[in-house]
Each structure stands twice: as C-alpha cells, then as structure tokens.
Amino acid sequence: MSARPDLYDKALDRAAAHARDWLAEIPTRAVPPRVSADEIVAALGELPDGPTDAADVVDLLAQHVEPGLMAIGSGRFFGWVMGGVLPAALGADWLVSAWDQNTGMRYPTPGTTATEEVAATWLLDLLGLPATSGVGFVTGGTMANFTGLAAARRAVLTRAGWDLDRDGLTGGPRVTVLVGADRHTSVDVSLRYLGLGAPTPVEADEQGRIRPAALAAALAEVDGPVIVALQAGNLHSGAFDPFGECVAVAHEHGAWVHVDGAFGLWAAASPGLRHLVAGIEGADSWGTDAHKTLNTPYDCGIAIVRDPAALRSAFGIQASYLINAADHGDPLDRVPEMSRRARGVPVWAALRSLGRSGVTDLIDGLAANARKIADGIASVPGAEILNDVVYTQVSVAFGDDDQTKAVADRLLADGTAWMSGSRWRDRAVLRVSVSNWSTDADDVAASVDAVRRAAAGA
C-alpha cells in the first residue's frame with residue numbers, strides 16, 4: 001500500500017510554518033549566521049535508538065539549524081555570486097520535492113521532463129543562442145562548465161582521429177586549453193576533473209578581459225586539438241571577453257569555444273546590456289547558473305551545447321533496462337547524472353512568472369543597483385573603486401591591504417550587509433556582487449552606510 005497522505009500533513013504544515021517564519025525575518029535579520037557549525041553539530045545530538053515523530057523532527061531541525069543560517073536571501077547580501085529566490089521558483093521547488101520524480105528519462109517522467117524542455121526553449125530564446133542547441137540542467141556553474149568542456153574534449157579528440165570512448169586519454173594527442181589569465185577557477189577544476197590538466201593562460205587586460213591579439217598568438221603556437229574558454233562576467237570586475245573577435249580567431253584555428261557565463265550570460269536577455277555579449281552566440285558551448293542571476297533555488301546550473309549530438313555523444317547512456325527516448329533524447333543524455341531532481345521546473349516557474357519583460361527588468365535592476373552601490377561607496381573617504389562597473393560586480397580597496405581587510409572585518413561584524421573579501425590585481429579587495437531580485441533602494445542605502453561605518457572604524 002502507498003504511504004497514507006495524512007502521514008505527511010503535520011510535517012509539511014510545520015515545514016511551511018518554519019519556512020514562512022524564516023522568510024518573514026529575512027528583511028530585518030542581520031545577514032551573518034549567529035552560531036558556528038560546531039555548535040550546531042553538538043545541538044543536533046546523537047542518533048536516537050527509536051523513531052521520532054515526523055513533525056517533531058522538522059521542529060528540531062528548524063530550532064537548531066535556523067540560528068546557523070546565512071541570510072543569503074536578504075537584499076543586503078552581496079557575497080560571492082548568490083541570488084535570492086523568486087516566489088514562483090520557490091513554490092515550484094517545493095512541488096519538485098513532493099512529486100519526487102527522477103527526471104532522467106522522458107518516457108517515465110513526462111510531466112517534469114516536458115516542463116524542462118519548455119524551460120530550455122525559453123532560455124535559448126531569451127539568451128539569443130541557437131534554438132536547436134542541447135540543454136542540460138546540472139548542479140551549478142562548475143558542472144555546467146564541466147559538461148560543456150566534456151563535450152568539447154570528445155569533439156576535438158574525434159576531429160584529431162582519436163577514439164576517446166574506446167581508448168581514453170592515455171596515449172592520445174594532448175588537448176590544449178587556452179583561457180584568460182583572469183578566468184574563474186571553476187574552469188580549472190573542470191579541466192582537472194576531465195583529466196586535461198592545467199590550462200594555458202592568455203594575457204588579459206586590467207579589467208580581466210582576454211586580449212584577442214594574445215589569443216591569436218597563442219593559437220598560432222598550438223599543434224593539435226585545442227579548446228578556448230572565454231568568460232562572460234569576470235568575478236571581480238564583471239567584465240566580458242570580446243567574443244566576436246575571439247570566437248572568430250578560435251574557429252579559424254579549429255578550436256572549440258566554451259563560454260563560462262555563470263552570471264554574465266544573462267546580459268544577453270537585456271536589450272540595454274546585450275552589447276556586452278556581442279558575438280557570444282557564435283561559441284560552441286555555454287555554462288550558466290540559474291540560482292545566480294535568475295534567482296531560482298539551489299541547485300540549478302545550465303549547460304548548453306550548440307550541437308546536441310556532441311552533448312549526447314559525451315553523456316548518452318544505453319542499457320537494456322532503460323526506456324530511451326530515441327527521437328528526443330533523454331535528460332540523462334545531456335548531463336553527467338542518471339538520477340536527479342527536476343531542476344528545470346523552478347527555472348520554468350521563474351521565467352513564467354517574470355515573462356520576457358520581467359527578465360529584462362531583473363537583469364537591468366541588478367546592474368543599476370551595482371552602479372548605485374559603487375557610486376555610494378565611492379563617496380566614502382579612502383574608498384577606491386577598482387573596476388569599471390559595467391554589470392553587477394564592484395571591487396573596492398581602502399588604502400593598503402591591511403586597511404581593506406580591516407574594513408571587511410568590521411563590515412561583517414556589523415551584520416547589516418555581507419560583502420566578501422577577495423584578492424584582485426594583486427590587492428586585497430572588498431567585493432560586491434549584486435545578485436538578488438529583492439534588493440531595493442533602502443537595501444542599497446543601508447549597505448553603503450554600513451561600509452561607511454566600517455571604513456570610519458565605527
């Protein structure tokens with residue numbers, strides 16, 4: 001017999017109540033966690049000998065874990081590159097858990113698979129990418145890069161006459177991967193996972209953009225299969241590589257072009273920001289994160305490959321017990337997982353709730369708030385904005401490294417806003433990443449005031 005529906009009622013009611021309490025507190029809550037991981041480990045205790053009522057389990061979890069939560073959904077959270085959660089996307093994600101569909105195959109889970117297919121179609125349209133591209137929903141930006149680069153690895157080796165599937169990498173031609181000197185580390189770690197080793201860095205300018213002339217020179221020196229990894233949105237400056245020139249010269253040399261667009265790929269959906277990604281549609285694969293700019297719940301990366309056959313060749317699985325969708329392909333043919341939740345459903349919900357104009361407004365609003373924050377911090381005595389604020393990122397220094405680190409420490413201790421420290425252009429920086437749909441003028445003002453207090457040593 002199936003589990004009785006009423007057995008879920010109390011646990012779900014308690015979960016909903018705790019979720020509402022958490023969401024209601026976020027606007028006024030201090031951003032940092034209040035307790036450490038070690039304190040939570042101690043509070044959660046040992047495994048009991050017998051069962052515990054489901055509703056009591058939910059209550060215990062909320063009681064002990066909530067003090068250790070970071071208010072990432074706050075409009076005053078600007079750490080790393082983490083968005084908030086749109087209401088429709090959150091509601092859809094709850095349904096994904098309740099439905100509990102293993103969205104790996106099209107035939108047994110048509111409801112969630114079809115929803116993901118619609119979301120993929122909308123994404124390609126909004127981002128101006130080839131409509132026939134293959135789209136896979138993965139865990140995040142790193143796995144999106146991994147997926148695109150895996151398709152690239154197989155494709156360039158096949159062109160070189162090497163059978164990767166049969167012979168592996170051992171004894172095969174070396175695959176050279178050219179990257180901008182200021183790329184994100186997720187590209188490097190993806191290459192490590194793929195057994196391709198360290199990439200070859202190419203000179204970048206002061207904003208982190210790869211120099212086309214340097215790329216052309218590097219390509220001219222490569223003998224053998226080659227991949228070029230470009231960047232849409234530098235982690236510190238928000239800058240974009242010059243895609244038109246770089247894609248053209250890379251293809252002249254027979255290279256596969258992958259774009260790490262974890263948060264910057266979304267500029268393509270804004271008429272006012274689309275110039276930043278001019279020529280990006282000419283690449284061969286792209287990676288992005290829906291839980292960054294689009295503000296879906298964790299986790300949801302998106303891998304896009306121009307040639308769906310190349311993606312399917314890299315990840316496709318055939319087994320007698322599987323019911324493969326020969327005509328359409330299955331989700332498991334486009335990602336490095338056979339079993340997974342329906343990550344694309346909250347993407348569909350986010351896009352359906354926003355509509356085309358809402359997506360544009362979301363992206364334009366994030367960029368506008370970044371400029372407002374930069375302008376506000378620029379008026380703080382001793383503050384120096386180090387980047388051209390073209391998108392959603394702001395990097396700030398306060399004198400020497402020790403002063404900058406001290407300001408960052410005081411800001412985090414204050415708790416009003418969270419801006420993560422980093423190092424860029426051989427300087428300690430306070431890095432601001434505007435990624436939350438809910439950040440408003442009051443959040444901007446409160447956050448700038450918090451930086452002002454921290455800089456003054458208050």
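Predicted model: local features only at pLDDT ≥ 70, side-chain atom pairs only at ≥ 80, totals over all residues.
Q: What makes the radius of gyration of the protein agree with that of a compact globule?
A: For 458 residues, a compact globule would have a radius of gyration near 23 Å, and the protein has 23 Å, so the value agrees with the rule. The C-alpha trace spans about 70 × 60 × 45 Å along its principal axes. The protein contains 14 helices and 11 strands.

Q: How do you know what share of the contacts links residues 24 or more positions apart?
A: Contact means heavy atoms within 4.5 Å. Among contacts with a separation of 6 or more, 73% are accounted for by residues 24 or more positions apart.

Q: What share of the residues counts as buried, and what supplies the exposed area?
A: Buried means under 20% relative accessible area, and 49% of the 458 residues count as buried. The protein exposes about 20,200 Å², of which carbon and sulfur atoms supply 55%.

Q: How many side chains are positive and how many negative, and how far apart do the centres of the two sets lie?
A: There are 37 positive and 56 negative side chains, and the centres of the two sets lie 2 Å apart.

Q: Why is N234 called buried, and what does it touch?
A: The relative accessibility of N234 is 1%, and the limit for buried is under 20%; N234 therefore counts as buried. N234 belongs to the loop between β4 (226-231) and α10 (243-252). Not counting residues up to four places away in sequence, N234 touches D182, Q207, G208, A239, F263, Q393 and W424.

Q: What makes a set of residues a nonpolar core, and which residues have the most contacts inside the largest one?
A: Such a core joins buried residues of the nonpolar kinds through side-chain atoms within 4.5 Å. The largest nonpolar core has 57 residues, and those with the most contacts inside it are L215, L219, L230, F243, V347 and Y391. Elements that give two or more residues to this core include the helices α5 (110-127), α9 (212-220) and α12 (344-378), together with the strands β1 (134-138), β5 (256-260) and β7 (301-305). A second, separate core has 24 residues, including I377, V396, L430 and V434.

Q: With which residues is V347 in contact?
A: Leaving aside neighbours within four places in sequence, V347 is in contact with A119, L123, F137, A290, L294, T296 and C300.

Q: Why is L123 called buried, and where does it lie?
A: L123 lies in helix α5. Its relative accessible area is 1%, against a limit of under 20%, so L123 is buried. Not counting residues up to four places away in sequence, L123 touches F137, W266, I302, V347 and L351. The C-alpha atoms of L123 and T170 are separated by 37 Å, although these residues are 47 residues apart along the chain.

Q: How do you know that V434 is buried, and which residues are in contact with it?
A: V434 has 1% relative accessibility and therefore counts as buried. V434 is found in the loop between β11 (427-433) and α14 (441-456). Its contacts, leaving aside neighbours within four places in sequence, are F78, L366, N369, A370, I373, T392 and Q393. V434 and R371 are 63 residues apart along the chain, and their C-alpha atoms are separated by 9.7 Å.

Q: What kind of peptide bond joins Y298 and D299?
A: A cis peptide bond joins Y298 and D299, with omega about -5°. D299 also has its place in the loop between β6 and β7.

Q: Why is R425 called partly exposed?
A: The relative accessibility of R425 is 44%. R425 lies in the loop between β10 (420-424) and β11. R425 has a positive phi of about 55° although it is not a glycine.

Q: Why is S339 called exposed?
A: Exposed means over 50%; S339 has 53% relative accessibility and so counts as exposed. S339 is found in the loop between α11 (308-315) and α12. S339 and I72 are 267 residues apart in sequence and 28 Å apart in space, C-alpha to C-alpha.

How values were computed
Residues numbered from 1 in each chain as written. Heavy atoms only, no water. Helix = DSSP H or I, 4+ residues; strand = E, 2+ residues; numbered from the N terminus. Rg over C-alpha atoms; globule rule 2.2 N^0.38 Å. Buried < 20%, exposed > 50% of the residue type's maximum accessible area, 1.4 Å probe, protein only. Areas by Shrake-Rupley, 256 points an atom, 1.4 Å probe, with all protein chains shown as cover. Lys, Arg positive; Asp, Glu negative; His and termini not counted. Charge placed at Lys NZ, Arg CZ, Asp CG, Glu CD.
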